[in-house]
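Here's a quick tour of a ligand site and some charged pairs. Have the viewer open, and follow along.

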Amino acid sequence: MSRKKIAAGNWKMNTQINEGIALAKYIADAERDKGVITILAVPFTHIYAIQKKIKSSSKVLLAAQNCHHKTSGAFTGEISPVMLAGMKVPYVILGHSERREYNYEDNALLALKLRAALNSGLKVIFCCGESLNIRKAGNHLHHVQLQLQESLFQIEVREMKHITIAYEPIWAIGTGETASPAQAQEMHEAIRAMLKQKYGKGVAEKTSILYGGSVKGNNAKSIFSQQDVDGGLVGGASLSGEEFVSIINSF
Ligand code: PGA
């Protein structure tokens, strides 16, 4: 069973508008492996301009980095999933560890966000992953299982086709320390087993699971070559067009 291969760049709170447009254009125009889905999770403020500047034939898809769990209302400063869908943004990232930490997003809130995003017609890149303390204590598999059970596994089996999972060990994010290919494979295989138990073999085999955490041009190949790793969610290295394109072409 072949799964979708995905390279997703997460720009976080980086780039001024002109830099963002130039970066997106560079990636859109670059020679890229046609078998790889390229996603750019850009700041909200950049979405409209980047949509206008890149050709749809370039097959670069945009993602939002977050959305609210309600569709509209008195929530100053928030962005609704319906607004994103209205702008034809196909993807949203939910559950990134930075939002879990700095914005106190817990599994229960993420279940609500998932529900709202799916109801609005968005596809979701759902992040999970453990801290260094949890890994050192040997509880990483259990921790990720709980993250999935309490949020992602609240959705219906028919909705799973709209889900991509990103496993991002927190200790590897932005630290330059990557999980070893074997560590990534161990967790991805475990997540696939959890998917199988919850939703059956078909869903488990079809769901793409990305690795995130200091993916770079020089380590992407060894990580992506693991059997259960279907691509990457890339932070820092996605801010360099050249390096991100080399990651896209690492499958
Ligand atoms: P990084 O970030 O590649 O800079 O480690 C990954 C992420 O947070 O998605």
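Where do Asp29 and Lys25 lie, and how many residues apart are they? Both are in helix H1, four residues apart, or about one turn of the helix. Helices here are DSSP runs of H or I with at least four residues, strands are runs of E with at least two, and both are numbered from the N terminus.

Before going further, some ground rules: this is a predicted model, where local features need pLDDT of at least 70 and side-chain atom pairs count only at pLDDT 80 or more, while totals for chains, interfaces and linings use all residues. Residues are numbered from 1 along each chain as its sequence is written, and side-chain values use heavy atoms, with hydrogens and water left out.

Back to the pair: Asp29 and Lys25 form a salt bridge (a side-chain nitrogen of Lys or Arg within 4 Å of a carboxyl oxygen of Asp or Glu), with the closest N and O atoms 3.7 Å apart. Asp29 is exposed at 53% relative accessible area, whereas Lys25 is partly exposed at 34%. The cut-offs are under 20% for buried, over 50% for exposed and partly exposed in between, using a 1.4 Å probe and protein chains only.

## Other salt bridges

The count comes to eleven salt bridges. Glu98 pairs with Lys12, with 2.8 Å between the closest N and O atoms. That one links distant parts of the chain: Glu98 sits in helix H4 (residues 97–102), and Lys12 is 86 residues away in the loop between strand S1 (5–10) and helix H1 (17–29). Glu98 is partly exposed, at 24%.

Glu105 and Lys113 also form a salt bridge, with their closest N and O atoms 2.8 Å apart, and both residues are buried. Shared partners join Arg3, Arg192, Asp228 and Asp230 into one salt-bridge network.

## The ligand site

Lys12 turns up again here: of the 13 residues around the ligand, it comes nearest along with His96, Glu168, Gly174 and Ser214.

An oxygen atom of the ligand is 2.6 Å from a polar backbone atom of Gly174. There's also a ligand oxygen 2.8 Å from a polar backbone atom of Gly235, and one 2.8 Å from a polar backbone atom of Gly236. The protein covers 97% of the 280 Å² of accessible area that the ligand has on its own, by the Shrake-Rupley method with a 1.4 Å probe.

Key: A residue is near a molecule or strand if one of its heavy atoms lies within 4 Å of it. A polar contact is a pair of N or O atoms within 3.5 Å; within protein, one must be able to donate a hydrogen and the other to accept it, and residues adjacent in sequence count only if both atoms are side-chain atoms.
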